[in-house]
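My notes follow the order in which I looked.

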Amino acid sequence: MQTIDNYNFAGKKAFVRVDFNVPVDENLNITDDTRIRAAMPTLKKIIADGGMLIMASHMGRPQKNPDPKYSLKCIQAHVAECLGVPVAFAADCQKADAEVAALKPGQALLLENLRFYAEEEGKPRGLAEDATDEEKAAAKKAVKASQKEFTKKLASYADCYVNDAFGTAHRAHASTALIADYFDADNKMFGYLMNKEVVAVDKVMSNTVRPFVAIMGGSKVSTKIDIIENLLGKVDTLILTGGMTYTFMKAMGGTVGNSICEEDKLDLALDIMAKAKEKGVKLVLACDTIAADAFSNDANTQLVPSKNIPEGWEGLDIGPESQKMFAEAIKGAKTILWNGPAGVFEFDNFAKGSRAVAEAIVEATKAGAFSLVGGGDSVACVNKFGMADAVSYVSTGGGALLEAIEGKVLPGIAAIKG
Ligand code: AMP
């Protein structure tokens with residue numbers, strides 16, 4: 001497989017799929033440029049080599065072409081500032097021949113939002129709400145047919161293809177996967193960011209150093225079931241926490257008051273417990289809970305056993321005994337995966353459990369464990385607690401990371417790895 005470090009971009013036109021899907025305010029000012037900064041090592045390497053850089057991304061969910069609210073024009077100046085060279089702009093990603101031809105070594109071009117075209121995602125648009133199944137199928141067929149031409153056009157701009165957009169690696173879109181077919185193995189590669197993500201996921205899911213402890217939290221067991229099932233075949237210890245605790249407690253005959261509980265998933269919870277036992281996985285659930293009399297930071301609280309939440313109260317965080325138990329389970333781990341908070345961490349008064357988990361992960365990391373934090377709210381947790389630099393890796397890809405830990409092959413990765 002080709003690598004970005006081994007590739008000399010001098011005199012080459014490089015099509016780089018980046019994730020510039022940054023949040024902007026109502027005046028189209030960027031409110032968080034993390035994703036732009038994260039792509040810089042790859043982009044700077046291409047410029048420094050004397051390559052010709054063509055950057056392509058989506059932004060938001062435009063439904064027409066053009067859709068000024070989602071134009072990437074608003075990030076052009078900031079990308080240029082970060083990159084340290086001027087950045088030209090092609091106002092239509094399918095009509096950029098002139099701008100591409102004008103590129104000289106060391107110069108950069110940003111294409112307009114790829115998703116102005118339905119072909120990028122290959123999903124039909126503008127279907128009437130009462131469209132029949134036949135009409136839907138015909139529209140899908142039509143967009144798939146034109147997707148090939150769309151992809152070919154993007155590929156025609158460049159000599160090589162670099163994918164640095166891990167956040168969209170789980171999508172088989174034109175620019176994230178299909179385009180790779182137009183480049184031979186020597187001329188397609190991961191960017192630095194993508195590579196870091198792939199290596200991190202690999203360390204956790206494939207080349208695992210044991211013991212492997214996974215902490216899965218969040219609100220519901222139903223949204224995490226595929227991950228839990230996959231992890232049961234890989235981990236030594238599985239800590240299940242957050243709102244899903246109460247589905248397990250109810251399933252075991254406990255009372256959960258107003259706690260979040262999926263009544264239709266009680267059998268599933270018992271099934272997970274049985275499977276864990278069968279596979280020799282140590283399953284850890286909270287034993288004590290901070291219960292609140294309202295879903296509010298200022299609610300009254302009481303410490304109760306997790307399986308005995310009084311009527312009118314709801315469990316919003318784990319208690320001190322559970323914090324200790326979780327920390328003990330995390331201590332000594334050599335590989336750690338954390339997805340999903342242990343409580344409603346957005347409320348400061350119910351963030352102690354998630355903080356304790358984060359602290360235990362930091363300690364284990366200091367002692368030599370590899371720790372991967374990712375998939376949405378646990379990233380927000382480590383950022384809130386100022387601990388992002390104290391874990392081994394914080395993933396930038398929400399949905400993509402979740403699918404990777406479900407054990408799925410991500411199209412954006414497979415397209416390059418072959
Ligand atoms: P998820 O998107 O499934 O990872 O869930 C993340 C959300 O779960 C966060 O917004 C947390 O506030 C929420 N959460 C964690 N613990 C609880 C709980 N005990 N009750 C209700 N929500 C919770």
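I began with helix H7 (residues 225–232) and helix H9 (residues 266–279), which pack at an angle of about 15° with their axes 10 Å apart; axes are lines fitted to C-alpha atoms, for helices over the stretch in contact, and angles run from 0 to 180 degrees between N-to-C directions. Helices (H or I, at least four residues) and strands (E, at least two) are DSSP runs, numbered from the N terminus.

I noted that this is a predicted model, in which local features need pLDDT of at least 70 and side-chain atom pairs count only at pLDDT 80 or more, while totals for chains, interfaces and linings use all residues. Residues are numbered from 1 along each chain as its sequence is written, and side-chain values use heavy atoms, with hydrogens and water left out.

H7 and H9 are therefore roughly parallel to each other, a label for angles under 35 degrees. Where they meet (contact means heavy atoms within 4.5 Å), I found Ile-225, Ile-228, Glu-229 and Leu-232 of H7 against residues of H9 including Leu-268, Asp-271 and Ile-272.

Next I turned to the sheet, where 6 strands lie in the order E10-E8-E7-E15-E16-E17, open and with parallel pairing; two strands pair if DSSP finds at least two bridges between them. Strand E10 (282–284) and strand E17 (393–394) stand at the edges with a single partner strand each, so one side of each has no neighbour in the sheet. I also looked up strand E7 (residues 212–216), which runs parallel to strand E8 (residues 237–240) and is joined to E8 by 4 bridges.

Notes
Parallel < 35°, antiparallel > 145°, perpendicular 65-115°, else oblique.
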